[in-house]
Amino acid sequence: MKWEMLSDFDKSRIRRWQIGMLTLALLCEMFLAADWYAFAAVIPFISETLTLDPAQAGLAQGIFALTYGLGMIVWSQVSRGMSARGMLLIGLAGTGIGMVLQVYVQSYSQLLTLRLIVGFFDAAIFLGNMKLVIGWFPQARRGSVVGLILAAYSLAITLDFAIGVPSRSPSAGGYSSRSWPEARC
């Protein structure tokens with residue numbers, strides 16, 4: 001059915017769903033960017049707390065891209081029977097829980113395990129966003145929707161480095177290795 005053939009009520013209902021789904025996609029994309037870049041921004045603090053050498057810190061930062069790639073393969077198959085909303089909610093929940101738990105790691109192996117898990121769920125976010133764009137928006141609007149999603153990603157990166165790290169540095173009264181929860185245990 002063509003858009004022009006829909007009643008005003010149906011058009012209004014679809015627009016509300018589109019706005020809701022796009023809001024969810026933007027939130028998920030900010031989580032995805034936060035995990036890629038916020039972790040890089042705080043790796044000096046984590047390295048000091050867990051006494052990581054540069055090679056370990058680099059592996060901890062980058063290893064989640066391994067399961068992100070593998071997750072793309074797995075989720076692309078699993079997502080065939082799922083809605084964009086389902087994919088985004090699963091990705092958001094898995095990524096969010098993993099990101100919160102990273103604060104409480106006690107060892108390097110725990111950190112690596114969580115980074116691998118988070119990478120897997122980050123893939124669900126990306127694929128959910130692609131399903132959302134294709135399923136919820138007409139072809140003529142897809143470019144602008146993708147632009148909004150990528151803008152949210154860029155905004156999250158900016159917030160991570162320009163605001164988050166400076167405001168949390170020890171000189172600003174933020175964290176140091178001695179103020180991380182695992183350092184107090």
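This is a predicted model: local features need pLDDT of at least 70, side-chain atom pairs count only at pLDDT 80 or more; totals for chains, interfaces and linings use all residues.
What is the handedness of the crossing in which H3 passes H5?

**Figure 1. The whole protein is built from six helices and zero strands.** Starting at the N terminus, the elements follow one another as α-α-α-α-α-α. Of the 185 residues in the protein, 41% are buried. Now look at contacts with a separation of 6 or more: residues 24 or more positions apart account for 80% of them. As you trace the chain, watch for such partners in the views that follow.

**Figure 2. The largest nonpolar core of the protein has 25 residues.** Inside this core, the residues with the most contacts are Cys28, Trp75, Leu88, Leu132, Val145 and Ile149. Two or more residues each come from helix H1 (8–50), helix H3 (64–78), helix H4 (84–102), helix H5 (108–136) and helix H6 (139–168). H1 provides the largest share, with seven residues. A second, separate core has 14 residues, among them Ala57, Leu111, Leu112 and Leu114. As background, nonpolar side chains tend to be buried together in soluble globular proteins.

**Figure 3. Trp75 and its contacts.** Which residues does Trp75 touch, not counting residues up to four places away in sequence? They are Met87, Ile90, Phe120, Phe121, Ala123, Ala124 and Leu127. Trp75 is also one of the residues with the most contacts inside the largest nonpolar core.

**Figure 4. H3 passes H5 in a right-handed crossing.** Here is the answer to the opening question: the crossing is right-handed. The axes of H3 and H5 come within 7 Å and cross at roughly 45°, and the two helices are therefore oblique to each other. On the H3 side, the residues that meet H5 include Phe64, Tyr68, Met72 and Trp75. On the H5 side, the residues that meet H3 include Leu116, Gly119, Phe120, Ala123 and Leu127. Sorted by type, the residues of this contact divide into 14 nonpolar, four polar and two charged.

**Figure 5. H1 and H5 meet in a left-handed crossing.** The axes of these two helices come within 10 Å and cross at roughly 160°. That angle makes H1 roughly antiparallel to H5. H1 contributes residues including Trp17, Met21, Ala25, Cys28, Leu32 and Phe39 to the contact. From H5 come residues including Leu111, Val118, Ile125, Leu132 and Trp136. Counting by type, the contact of H1 with H5 has 14 nonpolar, two polar and four charged residues.

**Figure 6. H2 and H5 pack at an angle of about 25°.** Their axes are 8 Å apart. How do the two helices run, roughly parallel or roughly antiparallel? An angle under 35 degrees counts as roughly parallel, and H2 and H5 are therefore roughly parallel to each other. Gln56, Leu59, Ala60 and Gln61 of H2 meet Tyr108, Leu111, Leu112 and Arg115 of H5. The residues of this contact divide into five nonpolar, two polar and one charged.

**Figure 7. Ala25 is found in helix H1.** With a relative accessible area of 0%, Ala25 is buried. Ala25 and Leu132 are 107 residues apart along the chain, while their C-alpha atoms are separated by 7.8 Å. Leaving aside its neighbours within four places in sequence, Ala25 is in contact with Leu88, Asn129, Leu132 and Ile149.

**Figure 8. Ala152 has its place in helix H6.** Is Ala152 buried or exposed? Its relative accessibility is 8%, so Ala152 counts as buried. Ala152 and Leu27 are 125 residues apart in sequence, and in space they are 7.8 Å apart, C-alpha to C-alpha. Not counting residues up to four places away in sequence, Ala152 touches Leu26, Glu29 and Met30.

**Figure 9. Thr51 lies in the loop between H1 and helix H2 (54–62).** At 65% relative accessibility, Thr51 counts as exposed, because exposed means over 50%. Phi of Thr51 is near 50°, a positive value in a residue other than glycine. For background, most residues other than glycine have a negative phi.

Methods. Residues are numbered from 1 along each chain as its sequence is written. Side-chain values use heavy atoms; hydrogens and water are left out. A nonpolar core is a set of buried Ala, Val, Leu, Ile, Met, Phe, Trp, Tyr and Cys residues joined through side-chain atoms within 4.5 Å. Buried means under 20% relative accessible area, exposed over 50%, partly exposed in between (1.4 Å probe, protein chains only). Helices (H or I, at least four residues) and strands (E, at least two) are DSSP runs, numbered from the N terminus. Contact means heavy atoms within 4.5 Å. Axes are lines fitted to C-alpha atoms, for helices over the stretch in contact, and angles run from 0 to 180 degrees between N-to-C directions. Angles under 35 degrees count as roughly parallel, over 145 as roughly antiparallel, 65 to 115 as roughly perpendicular and the rest as oblique. A crossing is left-handed if the near helix is turned anticlockwise from the far one by less than a right angle, and right-handed if clockwise. Ala, Val, Leu, Ile, Met, Phe, Trp, Tyr, Cys and Pro count as nonpolar, Asp, Glu, Lys and Arg as charged, and the others, Gly among them, as polar.
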